[in-house]
Amino acid sequence: MKCFVLRHISSGIGDPSVYHALVVIFLEFFAWGLLTMPVISVLNKTFPDHTFLMNGLVMGIKGILSFLSAPLIGALSDVWGRKFFLLITVFFTCAPIPLMTINTWWFFAMISISGVFAVTFSVVFAYVADVTTVENRSRAYGLVSATFAASLVISPALGAYLITKHNDTVIVALATAIAILDVFFILVAVPESLPEKVRPSSWGAPISWEQADPFAALRKVGTDQTILMQCVTVLLSYLPEAGQYSCIFVYLNLKMGFSSIEVSVFIAVVGTLSILAQLVLGVLMRVLGAKRTIIIGLLFEMMQLLWYGFGSQTWMMWAAGILASLGSITYPAISASVSILSTPNRQGVVQGMVTGMRGLCNGLGPAMFGVIFYLFHVDLNNEHNKINSSHSVDTKLIRNETIRDSEPFAHLVPGPPFVFGAMMVIVAILVASYIPEGTTERVVRRMSGVSLDIQGETDKSGRKITSAAAGPLLSPLSSLHQDSAQL
């Protein structure tokens with residue numbers, strides 16, 4: 001029976017190719033992107049008193065579960081094939097969508113729990129590794145990352161437009177239909193990429209604990225001083241970045257007063273600029289070298305976090321967004337630096353260390369930001385604003401006085417987590433300044449295809465490259481999803 005099911009699942013249209021993976025990624029994130037603004041509204045209504053805290057906890061739990069499960073799913077996909085795990089990861093990642101209009105508590109609970117299977121990027125990059133040569137792999141990864149970015153540039157704007165014409169139910173129904181289409185596409189059109197001769201002879205092939213251990217690569221970090229500095233740089237820079245991505249759209253909408261359309265345009269502009277920044281990364285690496293490129297990216301990241309933290313005007317948020325798009329070169333530059341400074345036979349190991357660190361940040365960053373928002377009482381939301389606007393002048397004065405008492409730094413520092421994150425990035429810059437510079441010859445040789453979010457040279461198991469995959473841009477709470485951006 002198992003053999004029959006496996007043969008049926010392994011069927012598809014044509015030979016396995018990168019384009020099959022692109023369609024899977026685009027449809028999944030397009031479905032979630034449609035819900036960017038509706039999710040913010042539902043989050044605010046469900047947790048009116050602790051919006052930012054719950055956003056951080058939901059995203060944090062999801063990220064940590066994804067970090068823990070990614071190596072195991074990657075290892076199992078080496079045994080059972082990629083298509084089977086593409087199917088279950090897309091299904092469980094999108095399963096919470098219809099619950100949004102049925103029961104919001106279950107919706108957010110399912111989003112958190114779905115983190116166990118929310119590692120579609122893990123399997124997609126393994127699929128791409130199966131169907132590409134080493135020389136073409138980095139470009140293929142870049143194409144996947146660009147497709148991910150394109151889906152999140154288009155869909156939030158479309159969702160914001162539809163919400164002005166229809167209610168949430170219609171948008172949720174459309175997102176559900178797209179998710180179902182994605183599952184159907186995998187079942188019918190996606191062929192298995194893992195050759196039969198590569199797979200073990202039976203489904204019961206043993207999986208070692210080292211293969212499934214998410215901390216296996218991290219435990220090797222201290223064995224090399226250079227890799228240690230690079231991993232510390234990733235930790236100090238990506239922790240606030242992951243936290244920022246998990247809440248920035250909520251922050252813009254509920255704290256800075258951006259409308260749904262303005263948030264969608266913000267996503268599109270920042271996303272487009274981030275893609276352009278990725279295109280010039282190779283040139284920067286050749287001209288300036290890996291180390292200087294990393295430091296430049298970190299400087300942009302520090303400045304955008306400070307703008308978000310101290311900014312109180314709309315134009316300041318736009319300025320921060322532009323800096324954020326320029327700072328998106330940091331992680332790809334670190335990934336390239338790791339490749340440049342490592343020997344060919346250690347590429348998979350050292351990249352696993354760096355991406356494992358990033359995967360851990362995807363869980364800890366959102367939780368850290370949520371807790372800081374809570375500690376500083378930054379939770380003014382639409383419901384409170386509506387109450388203020390409808391009450392009398394005396395009620396407004398009482399409310400404003402309460403704000404002054406409980407939030408003494410609210411006017412000076414509207415976004416405390418961003419300022420805290422900027423301080424972490426300053427430390428990251430100091431650490432990065434001690435990273436040795438690779439030779440120009442090695443930079444030119446290895447930078448032929450490094451303009452992506454994920455390393456180009458890895459083993460085909462996809463175990464470690466996968467846990468990285470949140471993408472170059474945004475991340476859904478919308479992200480609500482790792483995998484991405486959506487609040």
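Visitor: How are α14 and α15 oriented to each other, roughly parallel or roughly antiparallel?

Guide: Start with the general idea: an angle under 35 degrees counts as roughly parallel, over 145 as roughly antiparallel, 65 to 115 as roughly perpendicular, and the rest as oblique. Axes are lines fitted to C-alpha atoms, for helices over the stretch in contact, and angles run from 0 to 180 degrees between N-to-C directions. Here the axes of α14 (residues 290-310) and α15 (residues 314-327) cross at roughly 160° and come within 8 Å, so α14 and α15 are roughly antiparallel. Bear in mind that this is a predicted model, where local features need pLDDT of at least 70, side-chain atom pairs count only at pLDDT 80 or more, and totals for chains, interfaces and linings use all residues. Residues are numbered from 1 along each chain as its sequence is written, and side-chain values use heavy atoms, with hydrogens and water left out.

Visitor: Which hand does the crossing of α14 and α15 have?

Guide: A crossing is left-handed if the near helix is turned anticlockwise from the far one by less than a right angle, and right-handed if clockwise. The α14 and α15 crossing is left-handed.

Visitor: Which residues in α14 meet α15?

Guide: Contact means heavy atoms within 4.5 Å. On the α14 side they include Phe300, Trp307 and Tyr308, and among their α15 counterparts are Trp315, Met316 and Leu323. By class, that contact has twelve nonpolar, four polar and one charged residue. (Ala, Val, Leu, Ile, Met, Phe, Trp, Tyr, Cys and Pro count as nonpolar, Asp, Glu, Lys and Arg as charged, and the others, Gly among them, as polar.)

Visitor: And how do α4 and α11 cross?

Guide: α4 (residues 51-80) and α11 (residues 225-254) have axes that come within 10 Å and cross at roughly 160°, and this crossing is right-handed.

Visitor: Is Met110 buried, partly exposed or exposed?

Guide: Buried means under 20% relative accessible area, exposed over 50%, partly exposed in between (1.4 Å probe, protein chains only). Met110 has 24%, so it is partly exposed. Met110 sits in α6 (residues 104-113) and touches Pro96 and Leu99, leaving out residues up to four places away in sequence. Across the protein, buried residues make up 60% of the 487.

Methods: Helices (H or I, at least four residues) and strands (E, at least two) are DSSP runs, numbered from the N terminus.
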